[in-house]
Amino acid sequence: MAEDEPEGGTPGTQNGPYQGPRAADFTPEPDHSDDPGYVTRTRFLSNAAFAGTGILAAAILVPVVGFAVSTPLKEEEFRWVDIGPASDYLQNAPPYVDPKPSTKIGEVASLSVSGPSSDADRRIYVIYGLKDPSTRPQPTPGEPAAAYDAKFAKWASALKPEDFDLIAIWNRCAHLGCPVAYSPGSAGYVCPCHGGAYDSRGLVIGGPPPRPLDRVDIKVVDQSKKFEPQDIEAGKDRIPLAVAAKSSNPNLRVLVGKPFSIDQQQQAYALHGPGEPVSGTLSHLYPFT
Ligand code: FES
């Protein structure tokens, strides 16, 4: 070896240290697992999944809660509306003298009225009629006409004002809200949208509606008398229908108020939305049914 040759041999020669291209030195990734501000891919994905679940839950719950809250709020916007003199509605009241099957029993023509504002605006049918129309006798096959006339006369002569009531039926279909129409031929209501059918008192007799037609509160009052709001709330201003039907007092007026829902037994419930059952198992599962 020459005297001035560096130790280890000549650079770049076969005997010296390697001077050529090298693979990049391995530098370990820093460990951020203890750094709360550092977002790993796993943490990002789990956060995204959590946020997605929250959005999905909100998408389901917000409309449900909103519906539950908005319904009572909406109800408060309705107020009593004067729809005319009681004598217009309480026609054809008993007693009936020498009645025939053609005698008009109670029910005056159904009619529609609108509310006083867009919030209260609705179409309703007002009916003064038998509480239980099924009590009306029907002719039996082969029954002589004279026998049926006599049977009818006996039944109709015994009717009292207490056998009648005054109801207001909202024409909003209980299925999806289409306006129903009164059908004089069937003495009931039909919905043009999906074939919902209701009887003369708005009870479901066919089609998809989950409950009867909603009603609107109705009362007869003496407009010459003043009442405190709490007495009106307690119903002290209401004239019993049997009294009003016999009265000739021109101050008696008919008012309609808040809508409410009913079941097939005509039990009253708070107003429900279209498609919503009022009772039974399905009412607890709504709107998931
Ligand atoms: S909206 Fe009336 S039957 Fe569907």
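Cys178 and Cys193 form a disulfide, with sulfur atoms 1.9 Å apart. A disulfide here is a pair of cysteine sulfur atoms within 2.5 Å. A search of the whole structure finds one. The model is predicted: local features need pLDDT of at least 70, side-chain atom pairs count only at pLDDT 80 or more, and totals for chains, interfaces and linings use all residues. Residues are numbered from 1 along each chain as its sequence is written, and side-chain values use heavy atoms, leaving out hydrogens and water.

**The disulfide**
- The link of Cys178 and Cys193 is left-handed, with -95° about the S-S bond.
- The pair links distant parts of the chain, 15 residues apart.
- Cys178 sits in the loop between β3 (164-170) and β4 (181-183).
- Cys193 sits in the loop between β5 (188-190) and β6 (197-198).

- Buried means under 20% relative accessible area, exposed over 50%, and partly exposed in between (1.4 Å probe, protein chains only).
- Cys178 is buried at 17%, whereas Cys193 is partly exposed at 36%.
- Cys173 is buried at 2% relative accessibility.
- Cys191 is also buried, at 7%.

**The whole chain**
- The protein chain has six helices and ten strands. These are DSSP runs numbered from the N terminus: helices are H or I, at least four residues, and strands are E, at least two.
- Of its 289 residues, 32% count as buried.
- Take contacts (heavy atoms within 4.5 Å) between residues at least 6 apart in sequence: 62% join residues at least 24 apart.
- The accessible surface of the protein chain is about 17,800 Å² (Shrake-Rupley method, 1.4 Å probe). Carbon and sulfur atoms account for 58% of that surface.
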